[in-house]
Amino acid sequence: MVMNLTKPAMPSDDKRWKIVNATMRRHGHSQHSLIEALHTVQEIFGFLDETALKFVAKSLRMPLSKVYGVATFYNFFTLKPQGEHTCVVCMGTACYIKGAPQILEAIEHIAKIKPGETTADRKLTVISARCFGSCGLAPAVAYDGEVAAKVTPAAATEKIRRWMNS
Amino acid sequence: MTPEELQKIADTELEAKQKGGHTLCVCMAAGCVSTQSDKVKESLQQAIEKHGLKETCKVKGVGCMGLCMAGPLVAVEQTGALYQMVTPQDADEIVKNLGKPPVKRLECDTTQPFFTRQKKIVLENSGIVDAERIEEYIAAKGYEALLEALTSMNPAEVTEQVSKSGLRGRGGAGFPTGLKWGTVAKARGERKFVICNGDEGDPGAFMDRSVLESDPHRVLEGMAIAGYAVGASQGYIYVRAEYPLAVKRLKDAIKQAERHGLLGHNIFGTTFSFNIEVRLGAGAFVCGEETALIASVEGKRGQPRPRPPFPAERGLWDCPTLINNVETFANIPPIIRNGGEWFAGIGTEKGKGTKVFALAGAVKNTGLIEVPMGISLREIIFEIGGGIPDGKKFKAVQTGGPSGGCIPEQFLEMAVDYDSLAKVGSIMGSGGMIVMDETSCMVDVAKFFMEFCMTESCGKCVPCRVGTKQMHELLTKITGGTATAGDLAMLEELCDVVKNTSLCGLGMTAPNPVVSTLRYFRDEYMAHINDRRCPAGVCKIGKEQLATV
């Protein structure tokens, strides 16, 4: 098999692409590193855009369709930019029976968006998650990555309102 | 690393412990961290400095102590005193009272059944050792089992001990671990792999997360022993990306073990080499299925494939692969240390050892527990769990998540093991145990799990992809009060079809929550269909529903 060893050029001068490259290099640019590479992109850029998907596809010598297939198969990856703040409501079983649906309803009501959406002013993204594994503290909500325990709809509304008015 | 060096690390560690003084152990597992235990730890450190006790007292972060609902938890190592719901403001008082009777206001009663009724094997170090220091694990007999296996046993003897122990897979299906190891050991192939399944996707389960956060080295040691037994030199741990703390602790633990020569080339000077890499999941429940997990480790979409061939013969990159769950591997070091017979002496005839459960939902003491197999559900829920809060009435306990079922009150006396749970229409599962009281509607619960399976179906086979969607629609009709008796018949038929014709475990078990609720709570379904009302008052039916449209 003739290997094409020329690496594609970085999409821009942005130094962060070097980190993406380093992840792929650590795995010898093998196609097995696709998920790891996408994790790195999302970690540093916040989401996976077309430029990133194309760059990863070229670097790993894979069709873009396959990369897109993987990126959309897994819930953890997002192809859209997130808002300034993210509110993730856990909808695991324990949280569900302890009132997570009411929390989500309250948040939807005041933010006027559904889970998976971002407000028009890009201030807030609301996500419903499968399970944080914080079942002992149900219902749980993660505000910008920090998990809050035993949340009430009122407390969630208060927090969201503060973010939206900031 | 030589055996002498290992012993020296343990001795130094134990010597430091015997110097006297006090050690404050702060729970640094994800549960307590989300109630600010990191800030509590900082304040305790400051308080120690303020009172000039730096020489005699120290603070350390430890793993999960179990009682998540009372977090953050702080323990005094030397006296065994346990403090609950500690705030940073309490730090001063706790430090001032070291060496005196514990602060009454914050004390957590360690004589309550929650603590006394448990039996800890997997969690023996959890809440005691600092997960971020390999030295503490070594002092707690860590890596002794690996040393013993490598230097005084041959691979077949290791597998024999595991077989003798009667250990069955803790991921849920309960396949005999020794048999699996033997199959992989016998399989022909130049390269073999060991994979640890840490893709704890069951909503309502957090055992694996806690084990990985609290005692990561135990899992690494178990994997290395497995590698020796089956003839593999490379291992992968597949962990959910949703567990950042577990991922970080694991990666750090691997680095430490490599630095100490406990992973890598020629471990303990033998010819055995073993490396472990972490692979991140990306949020797909189906990846808990072994063939889907393998596809995901290979960087592909996590879709299962038909079995046979089983991964034991053709797994990762078509090589023989051993896949076990986190808790299964965590059981291995003590089995090798104490012998298979010791382990087989715990539990029931067909379920040996202990099981870790994540106890949550409508129960007073929510948290992580480890109990011997054969304990009754009543003991777990009403003694260890402290019963149902707010004077409510017990309705059901759900085990096995979306693949399991709801068990009603009449079976509370039943001894918990793989077979008894299967007999009543549920499964052991990975260990999620959600208690429900009278305020939960069982039809709504069934709909919740069906919604989960529908969205998590990978789409490869028709029965699962289309069947779960149809079942979800029917359940939505029932909870909305618009279903007919014909819809119920259709639902029952679909349960049968999806169960018997799906490709993998996800589809095969997806109907379980519906089947079990239909079996024990049929009256609730009938109330929704015939009387157009929800007995628990959860579902919005009729006028209420119109009002929200």
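A salt bridge is a side-chain nitrogen of Lys or Arg within 4 Å of a carboxyl oxygen of Asp or Glu. By that rule, the count between chain B and chain A is 2 salt bridges. This is a predicted model: local features need pLDDT of at least 70, side-chain atom pairs count only at pLDDT 80 or more, and totals for chains, interfaces and linings use all residues. Residues are numbered from 1 along each chain as its sequence is written, chains are lettered from A and ligands numbered from 1 in the order written, and side-chain values use heavy atoms, without hydrogens and water.

Q: What makes B:Glu456 and A:Arg130 a salt bridge?
A: Their closest N and O atoms are 3.0 Å apart. The cut-off is 4 Å, so the pair qualifies.

Q: How many residues does each chain bring to the contact?
A: Chain B gives 52 and chain A gives 33. Contact means heavy atoms within 4.5 Å.

Q: How much area do chain B and chain A bury?
A: About 3300 Å², 57% of it on carbon and sulfur atoms. Buried area is the accessible area (1.4 Å probe) that two parts lose on being put together, summed over both. B:Ala282, B:Arg301 and B:Phe448 supply 17% of the area that chain B buries against chain A, more than any other three residues.

Q: Why are S10 and S12 of chain B at the edges?
A: The open, mixed sheet runs S10-S9-S13-S11-S12 (chain B). S10 (367-372) and S12 (405-408) of chain B each have a single partner strand, so one side of each lacks a neighbour in the sheet. Strands (E, at least two residues) are DSSP runs, numbered from the N terminus; two pair if DSSP finds at least two bridges between them.

Notes
Helices (H or I, at least four residues) and strands (E, at least two) are DSSP runs, numbered from the N terminus.
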